[in-house]
Amino acid sequence: RTLIPGYWKSGTVFEYYNANGTGYTWDTADDVTEEEAQPFTWTLIDNKLTQNHQIEMGGVIPKRYTVTTLSSSVLCYHDDYGNQYVYNKQ
């Protein structure tokens, strides 16, 4: 859990994790800047990462992942649909 806080990048997708369990994400390919990023809260229990994304209309979308690699420079996780995500710490 202590390795996650900070900026992570995968291609044009950025995720920022605060140590207090909050964060936000944005994709520059969608012409979205950090100032317009979508906020989320997050938890990491064992290797299970949960992000609860707060959408503009007031709802929350939970996203659940299994972390396969977490180091000071690499974060890899996948969802239950076979999608894998690889981020590098910035």
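From the N terminus on, the elements of the protein follow the order β-β-β-β-β-β-β-β, where strands are DSSP runs of E with at least two residues, helices are runs of H or I with at least four residues, and both are numbered from the N terminus. The model is predicted: local features need pLDDT of at least 70, side-chain atom pairs count only at pLDDT 80 or more, and totals for chains, interfaces and linings use all residues. Residues are numbered from 1 along each chain as its sequence is written, and side-chain values use heavy atoms, with hydrogens and water left out.

**Exercise 1.** Determine how many helices and strands the protein has, and how its radius of gyration relates to the globule rule.

*Solution.* Step one: the count gives zero helices and eight strands. Step two: the radius of gyration, taken over C-alpha atoms, is compared with 2.2 Å times the number of residues to the power 0.38. Step three: the radius is 12 Å, close to the 12 Å from the rule for 90 residues, so the protein is as compact as a globular protein of that length. Step four: the C-alpha atoms fill a box of roughly 30 × 30 × 25 Å along the principal axes.

**Exercise 2.** Describe how strand S5 is joined to S4 and to S6.

*Solution.* Step one: two strands pair if DSSP finds at least two bridges between them. Step two: S4 (residues 38–45) and S5 (residues 48–54) run antiparallel and are joined by six bridges; Ile-45 has Lys-48 in S5 as its bridge partner. Step three: S4 and S5 form a hairpin with two residues between them. Step four: seven bridges join S5 to S6 (residues 60–70), again running antiparallel, and Asn-52 is partnered by Pro-62 in S6. Step five: the hairpin of S5 and S6 has five residues between the strands, and Gly-58 in its turn has a positive phi of about 100 degrees.

**Exercise 3.** Locate Asp-31 and Asp-46, and decide whether each is buried or exposed.

*Solution.* Step one: buried means under 20% relative accessible area, exposed over 50%, and partly exposed in between (1.4 Å probe, protein chains only). Step two: Asp-31 sits in the loop between S3 (22–27) and S4; its relative accessible area is 66%, so Asp-31 is exposed. Step three: Asp-46 lies in the loop between S4 and S5, and with 74% Asp-46 is exposed. Step four: most residues other than glycine have a negative phi. Phi is positive, however, in Asp-31, near 60 degrees, and in Asp-46, near 55 degrees.
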